[in-house]
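Here is a short note to read beside the model. Please keep the sequence and the 3D view open while going through the points.

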Amino acid sequence: MSQSQSRSQLPQTSPSAGKQMLSEQVYAHLRDAIMRGDHAPGDALKPQDLAKEQGVSLAVVREALVRVVGDGLADRLPNRGFAVPAFSDRRWQEIAEARRTIEPVMLRMSVERGDVDWEARVRAAHHRLTRTPAFVPEEGEHYSSAWAEAHRIFHRTLLEGCDNAVLLETFDRMWTASELARRWSAHRNPGRDGALEHRRLEEAALARDADTAAEVLTRHLTQTAAGLTDCPHHDPTDERTDDPTDDPIDETGATA
């Protein structure tokens, strides 16, 4: 076989495939940078600067930015380009409202439909979460990347028992959109006992107590929204006095 024939048989990367690979790399870099806090709330994301920084074309950067917008980690502003979402109580309250509306319903479905394998995954995901440091010196003030991923897996695993792909896709989009808010909450509510809340979620789910599981999750999500606002939060569930054995979640901080 000649050298020219050998070369012709090597796998070739088409220009479109190469562009897609670059776009994927820039997207991953930009997404991670926003999540790390390299770009502050409201910061402009200038395609020209990003293209120069990454050594790629404007077309590649714009494609990556559109994906980041779709994740809820950036906004596309008319005639003003792209920017990290500005800190807005209304924005995060709307995200929290959407999660409080959908996720407790999914958790009820999981409690009712989940099998033994689901129970095992929930227990394993919670164990991983409890054993993963939330903060590490090299990652600064924000939650560690490892903890953030363990946290996502725990919440998603709780809901996977619902066995509904459409609902799980919706959860994935909402989770990404709320991730910045959850990370920013670390600065505003450092004393919250999130570990206790996660343990109660696991216990209620594995006890097959759908009512308690849904209530605990609703409160869990509410605390994050409350922690991200400067105004006092009123939780109507706190007014219940009919059950003296009710053990409300510590409301000193936020992480969902």
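1. Start with a cut-off. A residue counts as buried when its relative accessible area is under 20%, as exposed when over 50%, and as partly exposed in between. Arg 156 has a relative accessible area of 18%, so it is buried. Keep in mind throughout that this is a predicted model.

2. Stay with Arg 156. The residue belongs to helix α7. Leaving aside residues up to four places away in sequence, Arg 156 touches Leu 168, Phe 171 and Asp 172. Asp 172 turns up again in a network of salt bridges that links Arg 121, Arg 156, Glu 160 and Asp 172. A buried arginine is thus one member of that network.

3. How do α6 and α7 lie relative to each other, parallel or antiparallel? Two packed helices are described by the angle between their axes and the distance between the axes. The axes of α6 and α7 cross at roughly 160° and come within 9 Å. That angle makes α6 roughly antiparallel to α7, because angles over 145 degrees are counted that way. The crossing of α6 and α7 is left-handed.

4. Look at who makes this contact. From α6 come Trp 118, Arg 121, Val 122, Ala 125, His 126, Arg 128 and Leu 129. From α7 come Trp 147, Glu 149, Ala 150, His 151, Ile 153, Phe 154, Thr 157, Leu 158 and Glu 160. By type, the residues of the contact of α6 with α7 are nine nonpolar, three polar and four charged. Arg 121 and Glu 160 are among the contact residues. Both also belong to the salt-bridge network of point 2.

5. Next, the salt bridges. How many are there in the whole structure? The search finds 13. One of them joins the side chains of Arg 31 and Asp 71, at 3.4 Å from N to O. Arg 31 lies in helix α2 (residues 15-36) and Asp 71 in helix α4 (residues 58-71), so this pair ties together parts that are 40 residues apart in sequence. Check the surroundings of each partner. Arg 31 is partly exposed, at 24% relative accessibility. Asp 71, at 18%, is buried.

6. A second bridge joins Arg 208 and Glu 119, with 2.7 Å between N and O. Arg 208 lies in the loop between α9 (194-206) and α10 (210-227), and Glu 119 in helix α6 (residues 116-130), so the pair ties together parts that are 89 residues apart in sequence. Arg 208 is partly exposed at 31% relative accessibility. Glu 119 is partly exposed too, at 24%. The backbone of Arg 208 deserves a look as well. Its phi is near 60°, a positive value in a residue other than glycine.

7. The side chains of Glu 203 and Arg 199 meet at 3.0 Å, N to O. Both residues lie in helix α9, four residues apart, which is about one turn of the helix. Glu 203 has a relative accessible area of 39% and is partly exposed. Arg 199 is partly exposed at 36%.

8. Turn to the loop between α7 (145-160) and α8 (165-188), where Cys 162 is found. Is Cys 162 buried or exposed? At 0% relative accessibility, Cys 162 counts as buried. Not counting residues up to four places away in sequence, Cys 162 touches Met 106, Met 109, Ser 110, Arg 113 and Leu 168. Leu 168 is also touched by Arg 156. Compare sequence and space for Cys 162 and Leu 107. They are 55 residues apart in sequence and 6.9 Å apart in space, C-alpha to C-alpha.

9. Finish in that loop with Asp 163, which is also found between α7 and α8. Asp 163 is exposed, with a relative accessible area of 68%, whereas Cys 162 is buried. Asp 163 has a positive phi of about 60°, although it is not a glycine. Arg 208, in the loop between α9 and α10, likewise has a positive phi near 60°.

Terms used. Residues are numbered from 1 along each chain as its sequence is written. This is a predicted model: local features need pLDDT of at least 70, side-chain atom pairs count only at pLDDT 80 or more; totals for chains, interfaces and linings use all residues. Side-chain values use heavy atoms; hydrogens and water are left out. A salt bridge is a side-chain nitrogen of Lys or Arg within 4 Å of a carboxyl oxygen of Asp or Glu. Helices (H or I, at least four residues) and strands (E, at least two) are DSSP runs, numbered from the N terminus. Buried means under 20% relative accessible area, exposed over 50%, partly exposed in between (1.4 Å probe, protein chains only). Contact means heavy atoms within 4.5 Å. Axes are lines fitted to C-alpha atoms, for helices over the stretch in contact, and angles run from 0 to 180 degrees between N-to-C directions. Angles under 35 degrees count as roughly parallel, over 145 as roughly antiparallel, 65 to 115 as roughly perpendicular and the rest as oblique. A crossing is left-handed if the near helix is turned anticlockwise from the far one by less than a right angle, and right-handed if clockwise. Ala, Val, Leu, Ile, Met, Phe, Trp, Tyr, Cys and Pro count as nonpolar, Asp, Glu, Lys and Arg as charged, and the others, Gly among them, as polar.
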